Amino acid sequence: MNKKGNSYTIELKKIEKEAFLSLKKVETKEELENFRIAYLGRKGVLNGILRKIKDFPLEEKKISGRQANNLKRQLEENLKKRVLQFEKKTEAKKIDITLPGIKPKLGHLHPITLIREEMKGIFQELGFEIITGPEIETEYYNFEALNFPKYHPARDSFDSFYLASGILLRSHTSPVQIRVMEKRKPPLRIITTGRCFRRDAIDNSHFPIFHQMEGLMVGEGIKFSHLKGILIYFLQKIFSSEIKVRFLPAYFPFTEPSAEVSISCIFCKGFGCSSCGHSGWIEILGAGMVNPKVLRKVKYDPEKFTGFAFGMGIERITMLKYKISDIRLFWENDVRFLEQF
Ligand code: PHE
């Protein structure tokens, strides 16, 4: 083999190396097509070489021609393989739009929230305005202003968690009464809801965190009969128009007179069962006429203005409405429980 032949062999080896390298690097269909045109196209590298070889002397033409054609064939085969690979890839990417979609899981409101909103709705219909108040309170708002003097035994059942001296987590929503009355003049008709905290031992009806709804109406000529009318309307709307409502005398420092309000048992219709302790009644809320001492604290004239207030636990109402037997279920976040509402 003479020099010319050798130099073509070397050139072919070089071209072969370059060609296979760039074929390896191909990443898109367009690049693949560009590669085909550059090496195997009519005016491509290999055809260029073959054209040159045509003019070689016979012996060299034979050898170099065979080598060049070999390389051409190899490249064509490898190109085909790559084309197939690309087709497979796009096949895999294809989506079947006739398949049913994957439904995203939707959450929903917590049972406490559902009932709270229903309760608020009833009072909003009656013209009550929704107000919020802080969960961290001072002793003044949680106790003093509500006529619980220091060391008064009534503080016991409202004992809470202290964050610092004189600062605590509110043990009821009644402090919001004071905050509203301090800022506004009568007449007012408000509802507030929110979390409250007490040092209660946990059992199936007690939890140290719970929710209350509080109502307050103050104006001229507000009487106990207004309180009765509003509460009976509310309780019959939230439970059933069939229930009876009972008012018994009770004690709260901030209301005078005070009442403990019960409904006829929704499970046994008042006949007596284990849910109502065989009494036929279920205690629902505390209420009363705003104590004149409280009105004076917020600089309202008790001779001119009177009012009523009431407070109730939202957990209790939710448990009765949904027949839930254990308050702890509200806090466990077990989807098997939550899914049911
Ligand atoms: N704050 C009282 C409690 O938590 C309920 C109540 C509110 C009673 C308003 C009378 C008037 O038990």
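**Note on the domains and the ligand site**

1. The C-alpha centres of domain 1 and domain 2 are 88 Å apart. Domain 1 covers 3-93 and domain 2 covers 111-338, with bounds taken from an automatic or database domain assignment.

2. This is a predicted model, in which local features need pLDDT of at least 70, side-chain atom pairs count only at pLDDT 80 or more, and totals for chains, interfaces and linings use all residues. Residues are numbered from 1 along each chain as its sequence is written, and side-chain values use heavy atoms, with hydrogens and water left out.

3. The shell around the ligand holds 15 residues, each with a heavy atom within 4 Å of the ligand. Those that come nearest are His 172, Ser 174, Arg 198, Gln 212 and Gly 311.

4. The ligand taken alone exposes 320 Å², of which the protein buries 93% (Shrake-Rupley method, 1.4 Å probe).

5. Strands E6 (209-219), E9 (281-290) and E10 (306-313) each supply at least two shell residues; strands are DSSP runs of at least two residues, numbered from the N terminus. E10 gives the largest share, three residues.

6. By class, the shell has six nonpolar, seven polar and two charged residues. Here Asp, Glu, Lys and Arg count as charged, Ala, Val, Leu, Ile, Met, Phe, Trp, Tyr, Cys and Pro as nonpolar, and the others, Gly among them, as polar.

Key. Helices (H or I, at least four residues) and strands (E, at least two) are DSSP runs, numbered from the N terminus.
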